Structure formats: structure tokens, C-alpha cells
Amino acid sequence: PDVGPVAPPDTDPATPPGGGTVAPADPDARVSKSVENLTAPGAKVTHLGDRLRYTVELSNAGPADSCLMGAAISDPLPAGMEPVPGSIRLAVDGGKPVAVDDAAYDRGSRTVAVACGDLRGGSAAVLTFECTVGEAALGANVANIALGHGKVPSENPGTRPEAPEPG
């Protein structure tokens, strides 16, 4: 026989083992870097005084539920490559490039370093800056690599994405 609606028993809700926090998936972080000679576009040789534009992209090619937490880009520059004041810019997720303070360049370590915030799956941050080729670069190998940094959820349990302001 049909007894009509039945009220559920008065019990506490069930909580899955491991607590109630769901951590994002680990990211698939990728870094790429390119350089363009603004003084002599297309030139195969760089000369003293040339102005170069570096573009560094840090992306998370992981799934949408992944996150590179507290992402940052750093680029140690070789001797003779001098950043042009006022040229550092950061764009996140295809947004308009935003000016970054020249203090992002540390003269002691010769490194440009910029915080990008949390990069979720499919997101990217693009850092651009210009340098002038100085005498210390003449005859030297000025090839260098940029680095991506951040926290990975599986290695930092309990850390949650916060999305601080990039810059």
C-alpha cells in the first residue's frame, strides 16, 4: 500500500573520507620564450645598441579543473642585456597588457620576476619586456632561458587557489 511521503531519519549528513575540501588537479605548466630585434627586424645578428623585445609565456595546458597556484615568471638576463625602463608588461588570459613596475627587475641577480596569480587549466600569462644590447654582451653567448614557478596542488595539500593580483 502507498504510505505517502516519508520523512528522512534525523541523522547527520555523510561526509566522504578525507574531509570536505576538493583540491584542484595538478597543472600541465609550460614555458615558451621568444625574442624580436626591434632595431633590425629579421636580422640574424644582434649588434651593440640594438633593442630587443622578449616575450615569455607561462601557460597551464592542463584540464579546466587544474591550477598552478601562485604562478610567477622569472628570466635571469645575461651580462650586457639591460632592461629598458618602463617596458615590462604582463597580460593574463589574453587581457590587455598591464605595466609592471621596474622594480620587477632585480639588478643584483639580473633577473626579471613577475607574479601572475593562479593559472587555471587553459590559462596563460604573457610577460614582455625590452632590453638594450650593451658592451658586455659583445662576443658573449647571450642565450638564456626563462622559468615558470608555482605550487602544485598534490605537493601542497591544504593550499587553496587564491588568485592574488598579478604584477
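Q: Which residue does Glu36 form a salt bridge with?
A: Glu36 forms a salt bridge with Arg53, and their closest N and O atoms are 3.3 Å apart; the term stands for a side-chain nitrogen of Lys or Arg within 4 Å of a carboxyl oxygen of Asp or Glu. The pair links distant parts of the chain, since Glu36 is in strand 1 and Arg53 in strand 2 (residues 51-60), 17 residues apart. Strands here are DSSP runs of E with at least two residues, numbered from the N terminus.

Q: Before I go on, what kind of model is this?
A: This is a predicted model, in which local features need pLDDT of at least 70 and side-chain atom pairs count only at pLDDT 80 or more, while totals for chains, interfaces and linings use all residues. Residues are numbered from 1 along each chain as its sequence is written, and side-chain values use heavy atoms, with hydrogens and water left out.

Q: Back to the pair, then: is Glu36 buried, exposed or partly exposed?
A: Glu36 counts as partly exposed, at 39% relative accessibility, and Arg53 is also partly exposed, with a relative accessible area of 29%. Buried means under 20% relative accessible area and exposed means over 50%, with partly exposed in between (1.4 Å probe, protein chains only).

Q: And which side chain does Arg53 meet in strand 9?
A: The side chain of Arg53 meets that of Glu130 in a salt bridge, at 3.5 Å from N to O. Arg53 lies in strand 2 and Glu130 in strand 9 (residues 124-133), so this pair ties together parts that are 77 residues apart in sequence. Glu130 is buried, with a relative accessible area of 13%. Through shared partners, salt bridges join Glu36, Arg51, Arg53 and Glu130 into one network.

Q: How many salt bridges does a search of the whole structure find?
A: The search finds six salt bridges. One of them pairs Lys33 with Asp75, whose closest N and O atoms are 2.8 Å apart. Lys33 lies in strand 1 (residues 29-37) and Asp75 in strand 3 (residues 67-76), so the pair ties together parts that are 42 residues apart in sequence. Lys33 is partly exposed at 27% relative accessibility, whereas Asp75 is buried, at 0%.

Q: New topic: how many disulfides are there?
A: A search of the whole structure finds zero disulfides, the cut-off being a pair of cysteine sulfur atoms within 2.5 Å.

Q: Is Cys67 buried or exposed?
A: Cys67 is buried, with a relative accessible area of 0%, and Cys131 is buried with a relative accessible area of 0% too.

Methods
Helix = DSSP H or I, 4+ residues; strand = E, 2+ residues; numbered from the N terminus.
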